[in-house]
Each structure stands twice: as C-alpha cells, then as structure tokens.
Amino acid sequence: MQSPPVTGPLARRLRLSDAVVIGLGSMIGAGVFAAFAPAAAAAGGGLFVALVLAGVVAFCNATSSAQLAAQYPTSGGAYVSGRERLGPWAGFAAGWGFVIGKTASSAAMAITFAAYVVPEPWQKPVAIAAVVALTAVNTVGITRTALLTRVLVVVSLLALAVVVVIGTTHSGPTAADPGTPATPLGVLQAAGFLFFAFAGYARIATLGEEVVDPARTIPRAVTTALTVTLVVYALVALAAVHALGPGGTAASPAPLRSVVATAGLAWPGVVVQVGAAAASLGALLAMIAGVGRTSLAMARNRDLPGWFAAVHPRWQVPARAELALGLAVCVLVAVADLRGAIGFSSFGVLLYYFIANVAALTQERRDRRYPRLLAVVGAVGCVVLVAALPVVSIVGGLVVTAVGLGYRGARLALERRAAR
C-alpha cells in the first residue's frame, strides 16, 4: 500500500451546519452526562451560580477563539495563533495543553458511554472498543465524522428533552436536600468542572483548515453552538435540581437517569440510556478529530515528531496522528478514574484558552470582532478556575505540562548541537 505523504493541505469540506454540529457534538454530553454530579458535589446550592460562571468564561474564550481562527484558518487552533501572536513557546504550551486535556476528555467520554450501556465488569473493554471504532470512523474522512455526529446530536437532544419534561414535572425524595453548603471555593471548583462541558467549541477552531469560508463560518459556528449548549445545560440543570435537589444530584452516579426514575416509568430510563450513549460517542468522535488536527499542526512545526504530519492521500485526514491518539486514549481508559480525568482535562484546556485570550489581546483592530474586555475576562477566568481545581488535578497538570516543555527544550538543544 502506498504510504501517505508527510505534508499537504486538508480539504475544505465543512459548511456552517457541519461546523455547528461538530461543536454541539463536542459539548452536548461531555457536561450533561459527566460533569453535573461532581459540580453539584462541590457547589451544592450554588450549582446555578457555577454554571453561569462557567458559561461566562466559555463565552469569552469562544469569542477569542473565533476571531483568532478567522485570522488563522488552519489546523491547530490556538496552537497556531499562539505561535503567530506570542511566539513558539506560547504556541507549544497551548497545543500541548489541548492535546493532553482533550486526550483525558476522550477517555472520560469513553468511560461515560460504557457506564450507561453495560454492567461494570464490561465497562473497560466496551469503552476501549468504542475508541477503536470511532478512531476508524475519523480516519476515513471528516465528512463522515460530521454526518455521524449529526445523528448522535439529534438522539442526545431528544433524550435531554425527555429529562427536562420529567424533571420539571416530577420530584423525588431527595428534592429538598440542599447538599454541600455553597462556598466561594466550592462554586469556583464546580465552575471548573462545568467548564469541561463547554470546551467543545474549540473543536471548530481546530478544524479551520477544513471549513469552507472560515473567516465567516467559524465565528458564526462557535457562537451558535455555544448558545444552544448554554440553553440546553440551563434547562437540564433546572430539571435535575427540581427533581433531585443539589444533594441528590451530587450523590447519583447517573443523575439524569435518576431524574427520569422519579416518573416511575421504565421507558424514559431507556431513552436516557440511549441518549447518554449517543452524547458520549458524539463528544468522543469530535474530540478525536480535534486533537488529531492539533497534533498535525504541531508535527508540521516539529513540536511533535514529524511522523504525525502525514495526511492520507485518499481520505485527506491526519491518519497517523489520529491512530496514535486512539491508542493513547485506550491506555487511559484502562487506568483512568472519571472524576480525575475531568479535573485533569480542565487544567489542560484552561491553559489552552488562557493563551488564546492573551493572543487575542494582541490582534490589530482590523482583525478583532469583539471587545478586548472579553479576552481580559476570559484570561482572568481561566486562571481563577485552574486555581480552584482539586490539588491532584493541578499537580498532575503542572507535571505533564513540564514534561512537554522539557521535551521541546531538549529537541531544540539537540538541534543547536547538531548545527555546530
């Protein structure tokens, strides 16, 4: 079989509706089915305040990401714009943060999928099988990724509609349980967990090289996908708190399934089970696509091994990068804890968006589409949310970030020595 070339552009095949759907697929599911329970445990009655804070930071980050992607419409997102605006080291830190954070997110989504569809003894093998299957889908073309994501998003939204209707009309025995007393630190920590749920709009920016008319399409797709997700999350949070209370939401390993159980009917539980599986698969599918493109961009600049820069001659995708990512996610699934994966993911992604906001601050007036104040709020918000994460997430994130920066420093030192 002919080997794929190590360089070459990706094909522009994604239109506005495709980009919006990929963004929705990355967000719908990541938060609704994975982040609400730990967020409720941290914030208690302050869950809605945490959701608003996470949404504000996400919106500010989205505007910075959108205007940067419009100016630099190529694969890599803030990795590319960070290099262009702030220098190679800042760009590397953004790209590395995105890769490690979203690799952890991918593992979290695979675990969430398996938790809803099979008994516990089978969850790890089924999660790994899901990663293998969706990696294969991504390697045969981005239009197939968008098509499958569209189907999964529709199924997820139908299931969430059932949750909202039942949750706002029924209540269980824990409905009056206020849960953990709300504290400023708890609310901020919950916002950090919930930010994990909103971060999917970055996938649109990382696909900039494959979007038709990116200067116009990317900003519209990012804001549209984020707005829809904000509305959906607010409705689901309202339903969960009404039906279970903050304490019941925090205590349930599958809070949305517990919400529909308050109706005393069997079929809503099946609907939510299917919806959770679809949402998790949709998020996993889009994450693999986004991380693959960022890895491609980093490999083109030798910030990752050049072997990852291959673009398949037929499918026009970074096949080697996606296959390597799939392998890494499978390893994480085998050893990961869901709560730890969410916290670690939030660290890496918040680092990515901090650099994106700082890069957006340096853009000239003609390239800015939004007020600079939004980038300032986004940057400060990222720092605050990182500081509020669990200590183990912060320490793990710092260690892995240092490993990445050390790798780049060692490579540059070897190149300088070889040039002498």
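## Leu 325 in helix H13

Leu 325 sits in helix H13, which spans residues 319–335; helices here are DSSP runs of H or I with at least four residues, strands are E runs of at least two, and both are numbered from the N terminus. In this predicted model, local features need pLDDT of at least 70 and side-chain atom pairs count only at pLDDT 80 or more, while totals for chains, interfaces and linings use all residues. Residues are numbered from 1 along each chain as its sequence is written, and side-chain values use heavy atoms, with hydrogens and water left out.

Is Leu 325 buried or exposed? Its relative accessible area is 6%, so Leu 325 is buried (buried is under 20% relative accessible area, exposed over 50%, partly exposed in between, with a 1.4 Å probe and protein chains only). Leaving aside neighbours within four places in sequence, Leu 325 is in contact with Thr 103, Met 287, Ile 288, Val 291 and Gly 292, contact meaning heavy atoms within 4.5 Å. Thr 135 is 190 residues away from Leu 325 in sequence, yet their C-alpha atoms are 8.4 Å apart.

## Val 20 in helix H1

Over in helix H1 (residues 16–27) we find Val 20. Val 20 counts as buried because its relative accessibility is 12%. Not counting residues up to four places away in sequence, Val 20 touches Ala 221, Thr 224 and Ala 225. The C-alpha of Val 228, 208 residues along the chain from Val 20, is separated from that of Val 20 by 9.7 Å.

## The chain and its core

Stepping back, the chain has 16 helices and 0 strands. Of its 420 residues, 59% are buried. Among contacts with a separation of 6 or more, 86% link residues 24 or more positions apart.

The largest nonpolar core takes in 131 residues, and Phe 33, Leu 194 and Tyr 233 have the most contacts inside it.

## H12 against H5

Helix H5 (residues 88–117) and H12 have axes that come within 8 Å and cross at roughly 160°. Axes are lines fitted to C-alpha atoms, for helices over the stretch in contact, and angles run from 0 to 180 degrees between N-to-C directions. H5 and H12 are therefore roughly antiparallel (under 35 degrees is roughly parallel, over 145 roughly antiparallel, 65 to 115 roughly perpendicular and the rest oblique).

The H5 and H12 crossing is left-handed, that is, the near helix is turned anticlockwise from the far one by less than a right angle, with clockwise being right-handed. The contact of H5 with H12 has 18 nonpolar, 10 polar and 1 charged residues. In that tally, Ala, Val, Leu, Ile, Met, Phe, Trp, Tyr, Cys and Pro count as nonpolar, Asp, Glu, Lys and Arg as charged, and the others, Gly among them, as polar.

## H4 against H14

Helix H4 (residues 78–86) packs on helix H14 (residues 338–361) at about 45°, their axes 9 Å apart. That angle makes H4 oblique to H14, and H4 passes H14 in a left-handed crossing.

From H4, Ala 78, Tyr 79, Ser 81, Gly 82, Arg 85 and Leu 86 meet Tyr 352, Ile 355, Ala 356, Val 358 and Ala 359 of H14. By class, this contact of H4 with H14 divides into 8 nonpolar, 2 polar and 1 charged residues.

## A positive phi at Arg 302

Arg 302 lies in the loop between H12 and H13. Phi of Arg 302 is near 65°, a positive value in a residue other than glycine. Most residues other than glycine have a negative phi.

Terms used: A nonpolar core is a set of buried Ala, Val, Leu, Ile, Met, Phe, Trp, Tyr and Cys residues joined through side-chain atoms within 4.5 Å.
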